[in-house]
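Subject: Structure handover

Hello,

Here is the structure I said I would pass on. Please look through it alongside the notes below.

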Amino acid sequence: MQKIDIEETLFKAVADEIRHGHLSEGLWLKANVDAGGNERQAQLLYTKYRVAQLTGEIADSTITRQIENKKQIVRDFRKLCWDYLPFTIVALVLIVLLLSGVFSNAR
């Protein structure tokens, strides 16, 4: 989804909030104070503030999702390392023994 599509969706959602009276009480009060009691100006400010708030929530959830994805990658890598640890140890021991000549026939 492009940025303009997301913004339009957010503005529509806020318009529905206003139309149905499902407002964030604190944000509505702030908009009224900033509008000096002008009802139309308060609606415009509420819309601006609410869209900004929702945009921030989307950004926060996106960042949180990215962090969780990276944590999962690290967990998967650690599990993979632990799953192959015994084979790695055996391989290293064999390499050391081969290099030290333990398996050579020469005396």
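Predicted model: local features only at pLDDT ≥ 70, side-chain atom pairs only at ≥ 80, totals over all residues.

Residues are numbered from 1 along each chain as its sequence is written, and side-chain values use heavy atoms, with hydrogens and water left out.

Salt bridges

The structure holds six salt bridges (a side-chain nitrogen of Lys or Arg within 4 Å of a carboxyl oxygen of Asp or Glu). Three of them are described here, with helices taken as DSSP runs of H or I of at least four residues, and strands as runs of E of at least two, numbered from the N terminus. For accessibility, buried means under 20% relative accessible area, exposed over 50%, and partly exposed in between, with a 1.4 Å probe and protein chains only.

Lys 12 is exposed at 52% relative accessible area, and Glu 8 is partly exposed at 42%.

Glu 17 and Arg 50 form another, at 3.0 Å from N to O. Glu 17 lies in helix α1 and Arg 50 in helix α3 (residues 39-100), so this pair ties together parts that are 33 residues apart in sequence. Both Glu 17 and Arg 50 are buried.

Lys 79 and Asp 83 also meet in a salt bridge, at 2.9 Å from N to O. They sit four residues apart in helix α3, separated by about one helical turn. Lys 79 is exposed, with 52% relative accessible area, whereas Asp 83 is partly exposed, with 39%.

Helix α3

From its first C-alpha to its last, α3 reaches 87 Å over 62 residues, close to the 92 Å expected at 1.5 Å a residue (the expected span is 1.5 Å times one less than the number of residues). A kink of about 50° lies at Leu 85, shortly before the proline Pro 86; the bend is the angle between axes fitted to the seven residues ending there and the seven starting there. Buried residues of α3 include Ala 42, Leu 45, Tyr 46 and Leu 54.

At the N-terminal end, Asn 38 caps α3, with a side-chain oxygen 3.1 Å from the backbone nitrogen of Arg 40. Just after α3, Gly 101 takes a positive phi of about 90°.

Regards

How values were computed
Polar contact = N/O pair within 3.5 Å; in protein donor to acceptor, adjacent residues only side chain to side chain.
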